[in-house]
Amino acid sequence: MLYPLKFTPILKQTIWGGEKLAYKSQNKNVQSSPIGESWEISGVQENQSVVSEGPLAGNNLEELIEVYMGDLVGDRVYEKFGIEFPLLIKYIDACDDLSIQVHPDDAIARERHNAYGKTEMWYVVDASPEARLLLGFNKNTDKTEYLDKLQHHTLPELLNVEKVKKGDCFFIPAGTVHAIGKGCLIAEIQQTSDITYRIYDYDRRDKNGQARELHTELATDVICFKQQTEHSIHYHSHENHTEELVSCNYFTTNYLKFDREIEKDYFEIDSFVIYMCLEGEFSIVYNIDQSIKMKKGETVLIPASLQNIFLLPERESEILEIYIG
């Protein structure tokens with residue numbers, strides 16, 4: 001019988017990573033290196049998440065979908081995506097500025113890479129006082145002006161700057177030029193895609209003195225050059241009430257802060273559900289009398305067959321609730 005599934009995080013060492021995600025690894029060598037990303041749930045080929053607890057421990061996500069099909073991901077989701085899990089769930093720890101980049105949409109990604117595009121959203125889990133994001137252009141521009149700024153290493157002058165704090169939320173459609181600035185710890189929900197076109201990397205060099213590869217031609221063809229200043233998601237945090245953050249063709253993400261028992265009925269959605277625990281500690285009660293504990297920093301996949309769930313907090317808790325709407 002299926003149960004709420006936890007997975008071993010897949011940690012990514014990067015030149016801009018920090019130390020906030022190192023606790024997720026039992027490998028001391030990894031803990032001593034800068035960790036930029038923790039892939040919490042991934043169906044990306046060569047990066048398949050593996051169950052860490054319970055009877056299904058050791059099985060990867062693709063293997064589970066192959067066996068349990070709609071019982072795991074929902075009949076409608078299985079019909080559309082087959083054994084490919086449709087979302088990639090991450091934490092990102094930016095100790096330095098990430099490169100400025102853009103992602104293709106489904107049509108271009110399918111044509112060029114036989115893959116899905118990447119529309120994504122960010123929830124700011126923590127942020128330093130100077131933390132910021134670059135999101136879209138601060139005015140209407142065009143290909144000529146963009147390439148001129150790129151050539152003269154002044155591209156950031158064209159970009160919209162968002163100062164951020166804990167709890168801020170942003171939606172980033174494919175085609176939006178963007179970058180995460182240093183001092184941000186972010187929960188990222190995105191389509192299953194690892195296609196990134198790097199536009200500008202602040203002329204940085206790696207430890208071998210080499211510049212990282214840029215994808216100027218590929219990127220220019222997918223960029224939306226219109227002014228984009230409304231990526232921030234405005235929401236109200238009402239205790240013990242689920243608040244919608246983003247609902248799009250690719251995912252729905254809600255926010256919930258709770259200090260009492262919450263009942264969740266997922267009968268209507270026909271989808272798996274993911275919880276990312278942002279704060280606190282709580283139990284997930286399923287099948288009437290079975291339970292699993294969640295704590296800050298953990299992520300869990302609720303199979304679609306578990307349609308009635310109770311959340312029992314040991315102290316005030318905050319979660320992101322994610323599914324295919």
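## A guided look at the fold

The side chain of Asp106 makes a polar contact with the side chain of Gln191, at 2.9 Å. This comes from a predicted model. Asp106 sits in helix α5, which spans residues 106–113. Asp106 is buried, yet it has no salt bridge. Which side chain of opposite charge is nearest to Asp106? It is Arg110, 4.7 Å away. A salt bridge needs a nitrogen and a carboxyl oxygen within 4 Å, so Asp106 has none with Arg110 at 4.7 Å. Setting aside neighbours within four places in sequence, Asp106 is in contact with Ala115, Tyr116, Gly117, Gln191 and Tyr250.

Asp105 caps the N-terminal end of α5. One of the side-chain oxygens of Asp105 lies 3.3 Å from the backbone nitrogen of Ala107. After α5 comes Asn114, with a positive phi near 50°.

**A buried leucine**

Gln191 turns up again in the surroundings of Leu88. Leu88 lies in strand β5, residues 87–94. Is Leu88 buried or exposed? Leu88 counts as buried because its relative accessibility is 0%. Residues up to four places away in sequence are not counted in what follows. Leu88 touches Trp39, Ile41, Ser42 and Val44, among others. Its contacts also include Glu188, Ile189, Gln190, Gln191, Thr192 and Ser193. Leu88 and Glu188 are 100 residues apart along the chain, but their C-alpha atoms are separated by 8.1 Å.

**Helix α6 and its two sides**

Helix α6 covers residues 143–151, and Tyr146, Lys149 and Leu150 are buried in it. Why do these residues count as being on the same side of α6? They cover an arc of only 100° around the axis, so they share one side of α6.

What do the buried residues of α6 pack against? Their partners are β8 (132–137), β13 (197–200) and α7 (216–220). At the start of α6, a side-chain oxygen of Asp142 comes to within 3.2 Å of the backbone nitrogen of Thr144. Just after α6, His153 takes a positive phi of about 60°.

**Cysteines without a bond**

How many disulfides does a search of the whole structure find? It finds zero. Cys95 is in no disulfide, and the nearest cysteine sulfur, in Cys184, is 11 Å away. From the side of Cys184, the closest cysteine sulfur is that of Cys95, and 11 Å is too far for a bond. Cys95 is exposed, with a relative accessible area of 53%, whereas Cys184 is buried at 1% relative accessibility.

**Salt bridges**

A search of the whole structure finds 15 salt bridges.

| Pair | Closest N and O atoms |
|---|---|
| Lys166 and Glu279 | 2.8 Å |
| Glu321 and Lys264 | 3.1 Å |
| Glu314 and Lys293 | 2.9 Å |

Lys166 forms a salt bridge with Glu279. This pair links distant parts of the chain, 113 residues apart. Lys166 is in the loop between β9 (159–163) and β10 (169–172), and Glu279 is in strand β17, residues 273–286. Lys166 is partly exposed, at 46% relative accessibility.

Glu321 forms a salt bridge with Lys264. Glu321 lies in strand β20 (residues 308–323) and Lys264 in strand β16 (residues 262–265), so the pair ties together parts 57 residues apart in sequence. Glu321 is buried, at 3% relative accessibility. Lys264 is buried too, at 9%.

Glu314 forms a salt bridge with Lys293. Glu314 is in strand β20 and Lys293 in strand β18 (residues 290–295), 21 residues apart. Glu314 counts as partly exposed at 46% relative accessibility, and Lys293 counts as partly exposed at 47%. Elsewhere, salt bridges that share partners join Asp96, Asp201, Arg204 and Arg212 into one network.

Technical notes
Residues are numbered from 1 along each chain as its sequence is written. This is a predicted model: local features need pLDDT of at least 70, side-chain atom pairs count only at pLDDT 80 or more; totals for chains, interfaces and linings use all residues. Side-chain values use heavy atoms; hydrogens and water are left out. Helices (H or I, at least four residues) and strands (E, at least two) are DSSP runs, numbered from the N terminus. Buried means under 20% relative accessible area, exposed over 50%, partly exposed in between (1.4 Å probe, protein chains only). Lys and Arg count as positive and Asp and Glu as negative; His and the chain ends are not counted. A polar contact is a pair of N or O atoms within 3.5 Å; within protein, one must be able to donate a hydrogen and the other to accept it, and residues adjacent in sequence count only if both atoms are side-chain atoms. Contact means heavy atoms within 4.5 Å. The arc is that of the directions from the helix axis to the C-beta atoms. A disulfide is a pair of cysteine sulfur atoms within 2.5 Å.
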